[in-house]
Amino acid sequence: YNRAHLIGETLDSVLAQTYHNWECIVVDDGSTDHTDEVVGAYVKKDARFKYYHRPEEHLPGGNGARNFGFKMSKGEYVNWLDSDDLLSPYFLSNKELEFLNGNFDAIVSLSQTFYKISGDGSILWNILPDNKDQLQLNNLIKDFLKQNMLWPPIAIVWKKTFFDKKKELWNEHLKSWQDWEFHIKMLLEKPSLHFKSCDIDTFYRIDSSDKISSKVKDKQFFINLKKSIDAVIILLKSKALIVTFSSEIKNLIARVLIKLPIQNGYYKFSLLC
């Protein structure tokens with residue numbers, strides 16, 4: 001949405017892939033700037049770019065655009081790329097052999113934060129543990145519940161068949177922590193994951209006023225957070241796992257729905273919502 005000034009960098013990083021058999025689906029969420037003109041130039045230049053406007057059957061917001069983009073995709077593998085993220089030229093080629101030689105549902109690689117150009121930041125988003133026990137699915141879910149976001153959407157490539165018969169991918173009713181809820185939901189489906197802990201091949205933009213996920217911490221912000229946490233609690237209950245993760249859920253509520261609102265001046269938030 002209104003990313004005409006940034007999306008060209010993102011599409012250039014797709015165009016620079018050393019692996020050539022890809023499609024790039026851009027879904028506009030109702031932009032009012034000159035996004036049409038910018039993306040249209042890429043579509044004219046390379047038929048592998050596809051450009052759509054989110055239809056009304058999907059709710060406004062990033063999740064509606066993500067779901068529609070998935071619906072229009074034709075490839076065997078899928079990755080969700082935000083309009084200000086960047087890929088290394090080897091992002092796709094790094095995954096090809098692993099998917100061909102292993103029975104994996106998804107491959108996770110390292111993502112590095114950046115400010116204006118890839119390489120100007122030094123923080124790794126997802127430093128994965130060396131201990132294999134810590135990579136068990138339940139422990140990964142616990143990490144997400146502790147707000148240890150192990151990977152952003154850009155850093156994980158999924159085999160498309162993993163999503164067959166799943167009623168919902170991205171929850172279009174959520175406005176905050178959408179990727180947090182999505183990854184927990186997918187982990188509860190017990191995917192086979194492969195971790196590439198030596199390759200940095202995605203770059204996640206931070207500390208930018210243009211960042212889609214940047215929000216003022218007003219009361220609505222916390223109401224949206226509560227909706228995402230409630231959605232995850234419902235997921236855990238549906239899998240009879242709420243007791244397994246009760247400690248993490250209680251600590252999460254204390255941090256996010258009690259302590260954090262108080263720090264922002266909403267002393268009665270936890271009681272009113």
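The legends below describe close-up views of a predicted model. Because the model is predicted, local features need pLDDT of at least 70 and side-chain atom pairs count only at pLDDT 80 or more, while totals for chains, interfaces and linings use all residues. Residues are numbered from 1 along each chain as its sequence is written, and side-chain values use heavy atoms, with hydrogens and water left out.

**View 1. A salt bridge joins Arg205 and Glu9.** The closest N and O atoms of this pair are 3.5 Å apart, and a salt bridge here is a side-chain nitrogen of Lys or Arg within 4 Å of a carboxyl oxygen of Asp or Glu. Arg205 lies in strand 7 (residues 193–205) and Glu9 in helix 1 (residues 7–15), so the pair ties together parts that are 196 residues apart in sequence; helices (H or I, at least four residues) and strands (E, at least two) are DSSP runs, numbered from the N terminus. Arg205 counts as buried at 4% relative accessibility, whereas Glu9 is partly exposed at 33%. Buried means under 20% relative accessible area, exposed over 50%, and partly exposed in between (1.4 Å probe, protein chains only).

**View 2. Lys196 forms a salt bridge with Glu98.** The closest N and O atoms are 2.8 Å apart, and the pair links distant parts of the chain, with Lys196 in strand 7 and Glu98 in helix 4 (residues 93–101), 98 residues apart. Lys196 is buried, with a relative accessible area of 9%.

**View 3. Lys159 is buried yet has no salt bridge.** This residue belongs to strand 6 (residues 156–159), and the nearest side chain of opposite charge, that of Asp105, is 5.5 Å away; Lys and Arg count as positive and Asp and Glu as negative, while His and the chain ends are not counted. Leaving aside neighbours within four places in sequence, Lys159 is in contact with Glu76, Tyr77, Phe99, Asn103, Phe104 and Asp105, where contact means heavy atoms within 4.5 Å.

View 4. Asp230 is partly exposed, with a relative accessible area of 31%.

**View 5. Glu168, Glu181 and Lys185 are linked in a network of salt bridges.** A search of the whole structure finds twelve salt bridges.
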